[in-house]
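Thanks, everyone. Please take a look at the model on the screen, and I will talk you through it.

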Amino acid sequence: MQKSGNAGPAVNGNSGPVIINDTWCKGCDICVSFCPKNVLERPEGGKAQVAREEDCTRCGICEIMCPDLAIQVVPAGDRKKERSGTRGGSVDGK
Amino acid sequence: MARPITYYLRADKMPHIWCEGCGHGIVMGAVLRAIDSLDLDKNNVCVVSGIGCASRAPGYLDFDTLHTTHGRALAFATGIKMMKPNLDVIVLAGDGDLAAIGGNHLIHAARRNINVTTICFNNSIYGMTSGQYSPMTPTGKMATTAPYGNIEEPFDLCDLVFAAGASFVGRGTAYHAGPLSRLIAKAIATDGFAFVEAVSQCPTYFGRRNKMRNALVMLDWQKEHAVTKKAASRLSPEEMADKFIIGEIGTRIRPEYTKRYEAIIEAATKETDDNV
């Protein structure tokens, strides 16, 4: 077992609800297209970026749909609120 | 999710080798979220793969992992499970690996009903070797070895594995990543052979040759063509012709192989002891 497995992704210049590891991101646009609140953007030929952080509901769709496992949605303080905000692709196995 | 997904990854091996928009990363994420939801001890999980794009997955996972020969993942997994029945053994393999060269291992693992969970990353093509058609390529679709369209009928892998004797069979898609993860969790929790076909997308070799220019178009195709059992019951056979069922396809309770083997060892040991 490797200890490196515990390392978190590199933070893309922000510590908001969505953290994108831009060394893992390959720029496929899936997160940009699936986000129901249009929080993410991708410049032509670039990597995904958080553009409208304040609109994020922490639904987690970008995280579960990211083929590069490059997105982490930071849980809100209140666990219950966080769960009710999870839509479609719930990630808690319930 | 209780733990961040990076807890289960070998971060130093990332980013992974899969192409931009490849569905395999989504499916691998679904597997990890399933493992997390069951709160399995990662030192007790063994992930086994064969050869192909999907079989690269265990290289990125921080479990005990085994990357074996083409089509033989289930043979190795059977050996591991027989030797260490307490391990949670999970096989991750592609459609070419499982349905073609490893087809025999697949049906016999199901027949024995050994407690191994198998996830088939079905992208309908041999991606690693540049897009030859596989036993899961739909009829009429293009591949490098089928430049005028595939004339073969693909397997219904779920029906095949269930008919062979598996305890749990289901199908999901990369588009339905949340439900897929819950389906995989059920498969792992099954006592017996459990099989999940995860419909994935290969934008590079399947998509481009079949007028689906990127991953988004392919995910949309999954959304349009996947129907639940309930929805399928309301559709005519014509309407169902180009669709496929997602969710649990079949479950049954059957004796599990390593438990039967244990019982034999016990009986044989007792007989030997009695004769002494």
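I will go from the ground rules to chain A, then to the sheet, the cores and one histidine.

Ground rules first. This is a predicted model, where local features need pLDDT of at least 70, side-chain atom pairs count only at pLDDT 80 or more, and totals for chains, interfaces and linings use all residues. Residues are numbered from 1 along each chain as its sequence is written, chains are lettered from A and ligands numbered from 1 in the order in which they are written, and side-chain values use heavy atoms, with hydrogens and water left out.

Chain A. It has three helices and four strands. Helices here are DSSP runs of H or I with at least four residues, strands are runs of E with at least two, and both are numbered from the N terminus. The pattern along the sequence is β-α-β-β-α-β-α. Chain A has 94 residues, and 43% of them count as buried. Buried means under 20% relative accessible area, exposed over 50%, and partly exposed in between, with a 1.4 Å probe and protein chains only.

Now the sheet in chain B. It is open, has eight strands and mixed pairing, and runs β2-β1-β3-β4-β8-β7-β10-β9. Two strands pair if DSSP finds at least two bridges between them. At the edges sit β2 (64–67) and β9 (226–228) of chain B, each pairing on one side only. Neighbouring strands are turned by 20° against each other on average, direction ignored.

Look at β1(B), residues 45–49. How many of its five residues are buried? Five of the five. In a regular strand, side chains alternate between the two faces of the sheet. Here B:Val45, B:Val47 and B:Ser49 are buried on one side, B:Cys46 and B:Val48 on the other. β1(B) runs parallel to β3(B), residues 88–94, with five bridges. B:Val45 stands opposite B:Asp88 there. With β2(B), the pairing is also parallel, over four bridges. There, B:Val48 faces B:Leu66.

Further along, β7(B), residues 168–173, and β8(B), residues 194–199, pair in parallel over six bridges. B:Gly170 has B:Val196 in β8(B) as its bridge partner.

Next, the cores. A nonpolar core is a set of buried Ala, Val, Leu, Ile, Met, Phe, Trp, Tyr and Cys residues joined through side-chain atoms within 4.5 Å. The largest holds 63 residues, and A:Met65 and B:Ile184 are among those touching the most other members. Helix α1(B), residues 24–37, gives the most, with eight residues. A:Met65 touches residues including A:Phe34, B:Ile26 and B:Leu219, leaving out those up to four places away in sequence. Contact means heavy atoms within 4.5 Å.

How do α1(B) and α6(B), residues 177–189, cross? Their axes come within 8 Å, at roughly 50°. So α1(B) is oblique to α6(B). Axes are lines fitted to C-alpha atoms, for helices over the stretch in contact, and angles run from 0 to 180 degrees between N-to-C directions. Under 35 degrees is roughly parallel, over 145 roughly antiparallel, 65 to 115 roughly perpendicular, and the rest oblique. Among the contact residues are B:Ala30 and B:Ala34 of α1(B), and B:Leu180 and B:Ile184 of α6(B).

Last, B:His24, in helix α1 of chain B. Buried or exposed? B:His24 counts as buried, because its relative accessibility is 1%. Beyond four places in sequence, its contacts include B:Trp18, B:Cys53 and B:Ser200.
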